[in-house]
Amino acid sequence: KKKYMINLIKNNRLKYHQTIMNKLGDYSYRMKRYDLDFSLAIGFSDDQINLGKFISVKRRTDEFIVLEDNLCCIVLDGADSSAAIKAASNLQMDFQHRHFNTKLFISVVTAKDYYNDTIMNHSLLDILEYSILNNMDNIDIDTNQVLHHNK
């Protein structure tokens, strides 16, 4: 299953990257112009659970992006790193209550930590792959946690 998940991401990475990039224009503009931060959270279920149907509660200013039925991204408007981790944790806890034995891999990146959207987007997918390869399911992981885990 792990190999399937990694291959799905690798084989469709360009498509996922472009789909996410197409949604970031307004958020990037507001960050550059008004210093309004945003973050990206991506979730991948190891079963064919439709995450789009699961994630129904979100703020109107957030953007929900379906990449596959079991792979979705959320642009968290105005969220710094700690707010993004908290939002991802809340979604994960809700997911675990409904799907107790199902693995969910989540990674989070925050715009202010990156030079541009392209690098941020690539990092989001890299961290997701890292969490899958290292069996870090049901943990919300960001760049700082990956660096800490590698020490």
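View 1. Glu-63 stands opposite Val-75, a residue of strand 3. Strands here are DSSP runs of E with at least two residues, helices are runs of H or I with at least four residues, and both are numbered from the N terminus. You are looking at a predicted model, in which local features need pLDDT of at least 70 and side-chain atom pairs count only at pLDDT 80 or more, while totals for chains, interfaces and linings use all residues. Residues are numbered from 1 along each chain as its sequence is written, and side-chain values use heavy atoms, with hydrogens and water left out.

View 2. Strand 2 (residues 63-68) and strand 3 (residues 71-77) run antiparallel and are joined by five bridges; two strands count as paired if DSSP finds at least two bridges between them. Ile-65 has Cys-73 in strand 3 as its bridge partner.

**View 3. Strand 1 alongside strand 3.** Strand 3 also pairs with strand 1 (residues 38-45), again antiparallel, through seven bridges. Look for Ala-41, whose bridge partner in strand 3 is Ile-74.

**View 4. Strand 3 under cover.** Seven of the seven residues in strand 3 are buried, meaning under 20% relative accessible area with a 1.4 Å probe and protein chains only (exposed is over 50%, partly exposed in between). In a regular strand, side chains alternate between the two faces of the sheet. Here Leu-71, Cys-73, Val-75 and Asp-77 point one way, Cys-72, Ile-74 and Leu-76 point the other way, and all are buried.

**View 5. Asn-70 in its loop.** Asn-70 sits in the loop between strand 2 and strand 3. Its relative accessible area is 2%, so Asn-70 counts as buried. Beyond its neighbours within four places in sequence, Asn-70 is in contact (heavy atoms within 4.5 Å) with Gly-43, Phe-44, Ser-45, Asp-47, Gln-48, Ile-49 and Leu-51.

**View 6. Stepping back to the whole protein.** The protein has six helices and five strands, in the order α-α-β-α-β-β-α-β-α-β-α along the sequence. Of its 151 residues, 47% are buried. Among contacts with a separation of 6 or more, 67% are between residues 24 or more positions apart.
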